[in-house]
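Me: I have a model open and want to learn how to read it. Can you take me through it feature by feature?

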Amino acid sequence: MSTINPPKALLFDVFGTLVDWRTTVTYTLSTQAAHALNSPSASVPTSVRLFASTISWPDFAQEWRDTYKAFTTSQLSASTKKSQKHAFKTVDQHHHDSLVRLLADHNLTGLWSADQLHAIAQIWHFIDPWLDASPALHDLSKSFILCTLSNGNVALLRDLAAHADLPFSRTLSSEHFGAYKPSPLVYNGAAEHLGLRNDQCALVAAHLADLKAARDCGYQTIYVERVDEEDWGAEEVMAARREGWVDMWIGLEDQKVSLGGLAEIRGRFAVGNGYVGGRGWGGIADQIKA
């Protein structure tokens with residue numbers, strides 16, 4: 001990647017990259033559990049109260065997130081789906097269904113009513129952003145097309161963008177392409193949707209597996225390390241950095257001065273007044289917003 005001749009579009013993974021799902025989800029689970037257990041009108045079974053008093057909600061939140069990873073990995077791409085049995089299932093549907101299953105696995109069925117379960121499952125629409133995300137995106141939007149490229153469904157992503165003040169030009173989801181990342185259908189489809197060549201697009205993500213799949217499709221890549229987000233082991237991460245297939249690598253050590261990963265992207269591209277690396281790119285972003 002050249003900061004003199006940068007990509008025209010920055011496409012962003014969302015969960016973990018732009019928003020801090022772990023803090024928001026853990027807080028919601030723990031506070032809603034406390035509310036159910038302390039509500040005089042709630043009829044929570046005694047056995048459920050016992051299990052709820054010993055559960056680790058941070059661990060439960062991680063389990064919930066892990067079911068999402070397993071779910072998207074297991075989904076067939078649109079090109080291989082031949083029956084209703086394999087019909088595309090949204091992340092919203094998965095979040096609700098997996099929450100019900102996890103509660104049963106932990107002997108917590110009955111802690112919340114059906115309506116409460118639905119509301120809690122919707123918390124993924126309202127995750128708080130990393131502190132650097134909104135201000136940096138507002139600056140980057142002056143010079144780049146900004147777009148989501150997430151496995152989250154469209155309604156979820158739009159709610160997240162509004163909640164976290166993330167100024168995207170376009171909202172693109174795996175839902176548009178009937179497949180989940182890391183299917184090439186998603187990366188190729190997104191570039192085509194934007195009317196760009198794949199090499200004019202850069203994926204920004206906190207997950208190297210996502211970036212590797214995008215790279216294999218011809219994308220430029222920007223890695224933003226976030227605490228506890230990387231699924232690859234330490235040796236795999238070190239190998240990826242040595243091999244150099246990530247075009248811009250922003251480690252946690254790089255963020256101490258810039259106060260955040262996206263702020264570091266802004267700094268490396270020298271974004272200001274609609275110019276990047278001495279060339280004006282604001283007009284391109286304006287055209288696609290129109």
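Me: What is the mean pLDDT of the chain?

Reply: This is a predicted model. The mean pLDDT of the chain is 88. Of its residues, 88% reach 70 or more. Over residues 273-290, though, the pLDDT is below 50. That stretch still has 41 contacts in the model beyond near neighbours in sequence.

Me: Now helix H4, residues 91-105. How far apart are its end C-alpha atoms?

Reply: They are 20 Å apart. At 1.5 Å a residue, the 15 residues of H4 should span 21 Å, so the two values agree.

Me: Which residues of H4 are buried?

Reply: The general idea first. An α-helix has 3.6 residues a turn, so residues three or four places apart point the same way. In H4, the buried residues are Val91, Asp92, His94, His95, Ser98, Leu99, Leu102 and Leu103. Seen down the axis of H4, they fall within an arc of 155 degrees, so they line one face of the helix.

Me: What do the buried residues of H4 pack against?

Reply: Three helices: H3 (57-74), H5 (114-121) and H7 (154-164). Just after H4, look at Asn107, which takes a positive phi of about 60 degrees.

Me: Which residues lie nearest the centre of the largest pocket?

Reply: Thr72, Asn151, Lys181, Pro182 and Ala209, out of 24 lining residues. H3 and helix H9 (208-216) are the elements that give two or more residues to this lining. The largest share, five residues, comes from H3. The volume of the largest pocket is about 470 Å³.

Key:
Residues are numbered from 1 along each chain as its sequence is written. This is a predicted model: local features need pLDDT of at least 70, side-chain atom pairs count only at pLDDT 80 or more; totals for chains, interfaces and linings use all residues. Side-chain values use heavy atoms; hydrogens and water are left out. Helices (H or I, at least four residues) and strands (E, at least two) are DSSP runs, numbered from the N terminus. The expected span of a helix is 1.5 Å times one less than its number of residues. Buried means under 20% relative accessible area, exposed over 50%, partly exposed in between (1.4 Å probe, protein chains only). The arc is that of the directions from the helix axis to the C-beta atoms. Contact means heavy atoms within 4.5 Å. pLDDT is the predictor's confidence in each residue, from 0 to 100. On a 1 Å grid over the protein atoms alone, a cavity is a set of points where a 1.4 Å probe fits but cannot get out, and a pocket is an open set with protein on both sides within 12 Å along at least five of seven lines; lining residues have an atom within 4 Å of a point. Grid points are joined across faces, edges and corners, and a volume is the space filled by probe spheres set on the points.
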